[in-house]
Amino acid sequence: MFRMPISGIEVELGEATGHEDLLLLESRSDRVSTSMELVERLAKPRDGETLNVAELPVADLEAVLLELRRRVIGDTVASRGKCPKPDCSTPIDVSFSIGKYLRSNSVRRPPNVEPVESEPRWFQMRGSEVQFRLVTAGDLAAAAVSPSPELELAKRTIRAQSPEHWKRGQKRAQKAMEWLAPPLSGEINGQCPECGARVSFWFDVQSYVQRELYFDAEFLYEDVHQLATRYHWSEEKILSLPRQRRMQYVELALQRGGN
């Protein structure tokens, strides 16, 4: 069971099959749409209701993706870079725990924000005409195909009675959003062990998770070939197997290939 940090929705996370591997390997959709489809397939609400992925806050979508990565590959995120100072350029290893990372992004309620009683998803800036709601996965998908993504997000999630109030309250509303739903994608800061310089890495959750799961899925075509050749199973039957079980069958097929 996994509890989303912003909405509080509890979901059961299913194991990926070959169909999800194909989604990662062959999807022509944009990054956000692929993330949404992956979560829609694998996350099932505990209460039996249908999960509307498009309405999930972005932080919830990315939290589920990180949890999927943790279960498939492991808890540790590891990357390698180098010191940005030209006279140093020391190689730097960056690693952190997904579990601790998710726990560290705690939600806070800004003191100048209150819910709009008539609309559950909207908030009011106290003493202002500006209202806002959290950016959702659907908003992000729409912005991804917009010529002005940041402006598109702002127009979809912030409103006011006049353009002047909207423009003046935009920054405050966006800051409040970050308090209510701390973003999981962003800068990871550290220090060079050699010269002490500040080192920053941009961590894009969706790109990172999709890339990692893509590499893990790359053997799908070989797996299908091995199992179809050895057991004469159909492609559909092989693709429907949970990934871990498929890998076990492939290992057996390779071990007994000569028998």
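Q: Which residue in strand 11 is the bridge partner of isoleucine 188?
A: Keep in mind that this is a predicted model. Strand 10 covers residues 186-191 and strand 11 covers residues 198-203; the two run antiparallel and are joined by six bridges. In strand 11, the residue bridged to isoleucine 188 is phenylalanine 201.

Q: Which residue in the turn between strand 10 and strand 11 has a positive phi?
A: These two strands make a hairpin, with six residues between them. The phi in question is about 80°, and it belongs to glycine 196.

Q: Why is one side of strand 1 and of strand 3 left without a neighbour in the sheet?
A: The sheet is an open one of three strands, paired antiparallel in the order 1-2-3. Strand 1 (2-3) and strand 3 (43-45) each have a single partner strand, so one side of each has no neighbour: they stand at the edges.

Q: Which residue in strand 2 does arginine 3 stand opposite?
A: Strand 1 pairs with strand 2 (residues 10-13) over two bridges, in the antiparallel sense. Across from arginine 3 you'll find glutamate 10.

Q: How many nonpolar residues are in the lining of the largest pocket?
A: This pocket holds about 830 Å³ of space. Its lining takes in 28 residues, with Val58, Val135, Leu140, Leu153 and Pro183 nearest the centre. Elements giving two or more residues to that lining include helix 3 (58-72) and helix 7 (163-180). Split by class, the lining has six charged residues, five polar ones and, for the nonpolar count, 17.

How values were computed
Residues numbered from 1 in each chain as written. Predicted model: local features only at pLDDT ≥ 70, side-chain atom pairs only at ≥ 80, totals over all residues. Heavy atoms only, no water. Pairing = 2+ DSSP bridges. Helix = DSSP H or I, 4+ residues; strand = E, 2+ residues; numbered from the N terminus. 1 Å grid on protein atoms, 1.4 Å probe; cavity = no way out; pocket = protein on both sides within 12 Å on 5 of 7 lines; lining within 4 Å. Points joined across faces, edges and corners; volume = space filled by probe spheres on them. Nonpolar A, V, L, I, M, F, W, Y, C, P; charged D, E, K, R; others polar.
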